[in-house]
Amino acid sequence: MLQLAYTALYREWRPKVFDEVVGQPHITVTLKNQIKNNRIAHAYLFCGTRGTGKTSTAKIFSKAVNCLNLQDGEPCNECEMCKKINAGLAIDVSEMDAASHNKVDDIRELIEEVKYPPSEGKYKVYIMDEAHMLTQGAVNAFLKTLEEPPKNVIFILATTDPQKLPITILSRCQRFDFKRIKSDDVFERLVKITKEQGNFADNKSLKLIARMSDGAMRDALSILDQAISMGNGKVEYEQVVNILGLVTNENLLRLTDSIIDKDVERAIKIIDDVVYSGKDINLFIKDMTHHMRNLMMAKISQNPEEVLDMSEEGIEIMKAQADKLRIEEIMRYIRILQETIEQSKWSNQN
């Protein structure tokens, strides 16, 4: 008997209607109202960090404008057009990765294609992911079409880095900023998914995953997926701690201990270990800066567990280290690390 391929949780639970998009009501309500009132723009810009729902919302929007049985601004997911778009088979809905299709020729090809009317649906929808990766030449070629596309053509540009887009693009699009998803909203979604999947997971584990996902629903689902596999259908707190490496970020802790003990030789050896193990030193500096900020919070906050995204074990270690440092010292270390980050940008590491 042929066994079906496993589908990752973040793909299986990708939102299919606007109401399922977590934590972005300021966007989904506006888009639904535009569709209901037939006030659809020709170009949209979806901005926000990874895993906040930009591409999912773009796909839902492409279904809603082409749905044959619209339900209060929501796609029905039952009609022929909705099913085709869900399956990725709709000719009129195109997804394009601007990171790998960012040249002038790619855009010229798109401009030629845009001239033809929709084949099946009411609208042709072009979803352009990582739009900030377009070259200057591609942007220049695209501007006229983006400003005045043919009737029944919609462009949706998605980007994690809108400041890299030229003002000429920004001014031609309706902009929607996707926020980092609140930890509580991520937690509620994880509870719903684990219940419907028939997996066991306690609230403590799911809250930890929600906190550590840093506002990205996709990241939270990836961690949950890993935890379910590791626990054979059961999500346990200790396993989640191990997966995330919350307590075992030893280099940061050891380097901080060396700083507290004023042991320069040990500190240099730890940094050598980091470099020789192939870790990105710039990332390590940023992690160390973040660690120092967490030490500050552990020192000044009466309830650090409410503000620190880490396990109880990690917070206890933080408190122990923070007790050995004065606030003025921690602030000085943060300042030195920030200066080091700035200097490292200009250093030549050939």
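Which helix is Val-275 found in? Select residues 264-276: that is helix H13, and Val-275 is found there. This is a predicted model, so local features need pLDDT of at least 70 and side-chain atom pairs count only at pLDDT 80 or more, while totals for chains, interfaces and linings use all residues. Residues are numbered from 1 along each chain as its sequence is written, and side-chain values use heavy atoms, with hydrogens and water left out. Helices (H or I, at least four residues) and strands (E, at least two) are DSSP runs, numbered from the N terminus.

Stay on Val-275 for a moment. Its relative accessible area is 41%, so Val-275 is partly exposed (buried is under 20%, exposed over 50%, partly exposed in between, with a 1.4 Å probe and protein chains only).

Next, jump to Thr-28 in helix H2, residues 25-36. Buried or exposed, which is Thr-28? With a relative accessible area of 5%, Thr-28 is buried. Show Phe-18 and Val-21 too: leaving aside neighbours within four places in sequence, Thr-28 is in contact with both (contact means heavy atoms within 4.5 Å).

Now for the charged pairs. Side chains of opposite charge can pair when their charged atoms come close. A salt bridge here is a side-chain nitrogen of Lys or Arg within 4 Å of a carboxyl oxygen of Asp or Glu, and the structure holds 22 salt bridges.

- Glu-80 and Lys-84: their closest N and O atoms are 3.8 Å apart. They sit four residues apart in helix H4 (residues 80-86), so about one helical turn separates them. Glu-80 is exposed at 54%, whereas Lys-84 is partly exposed at 24%.
- Arg-172 and Glu-147: this salt bridge spans 3.3 Å, N to O. The pair links distant parts of the chain, 25 residues apart: Arg-172 is in the loop between helix H7 (167-170) and strand S5 (174-177), Glu-147 in helix H6 (residues 136-147).
- Arg-175 and Asp-177: here the closest N and O atoms are 3.1 Å apart.

Last, select Asp-19, Lys-32 and Glu-74, which are linked in a network of salt bridges.
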